[in-house]
Amino acid sequence: MRTRVARPVRDTPAISAEHESRCLIFNGKDASRALKDPREISDLLRDEHNFVWFDLAEPTQEDLQLLQEEFALHPTAVEDAALVHERPKIENFDSYWLVVLHAATLDDQNRLVLHELAIFVGKNFVVTIRAHPVFPLDEIERRWLAKNAIPHTSTGLLYVILDVVVDGYYPVAA
């Protein structure tokens, strides 16, 4: 039986100046806003008009515990999202899905870089967990935030993430 290895974690929380992590709130009326205190997430999710995108780059165990509490995620799902080299999969839980996928990019020297993403998708939230090496979000944000291009919903964001990952395979395969 293969031993499952936990992701390496940093000593500082992901919601800090040292990380690329972010938490954006959309309410369908105003422009998105950043959330400074992630402990407000569960309160925001009670209003079904709010949509939360919480992105964690190289999360700590404390960050993962916060995810479990604020989004009411099953401990096994959080454990799967925290593992290194988890197989790509889509798994259904009571009120959300867990998607694990692998992406590929080329670095500055044209060398292959493999990335792993775990994505929790609920009715009014998406949580992205990016392991080291951290997959860049620039193109995902550009496409998703483009005016009237994609709805600011969990399915809209999941579509953009998958589309960017798949599009990223072309330069690698060419």
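Select Phe26, Phe51, Trp53 and Trp144 in this predicted model: ring pairs link these four residues into a cluster. Across the structure, eight aromatic pairs are present.

Colouring by secondary structure places tryptophan 53 in strand S3 (residues 51-57) and tryptophan 144 in helix H4 (residues 138-145), so the contact ties together parts that are 91 residues apart in sequence. Both tryptophan 53 and tryptophan 144 are buried.

Next, select phenylalanine 54 and phenylalanine 71. These two rings are stacked, at 6.0 Å centre to centre and with 20° between the planes. Phenylalanine 54 belongs to S3, whereas phenylalanine 71 sits in the loop between helix H2 (61-70) and helix H3 (75-82); the pair therefore ties together parts that are 17 residues apart in sequence. Phenylalanine 54 and phenylalanine 71 are each buried.

Turn now to H2 and show the side chains of Asp63, Leu64, Leu66, Leu67 and Glu70, which are buried. Where do the buried residues of H2 fall when seen down the axis of the helix? They fall within an arc of 155°, and therefore line one face of H2.

Key. Residues numbered from 1 in each chain as written. Predicted model: local features only at pLDDT ≥ 70, side-chain atom pairs only at ≥ 80, totals over all residues. Heavy atoms only, no water. Phe/Tyr/Trp six-rings, centres within 6.5 Å; stacked < 30°, edge-to-face > 60°. Helix = DSSP H or I, 4+ residues; strand = E, 2+ residues; numbered from the N terminus. Buried < 20%, exposed > 50% of the residue type's maximum accessible area, 1.4 Å probe, protein only. Arc of directions from axis to C-beta.
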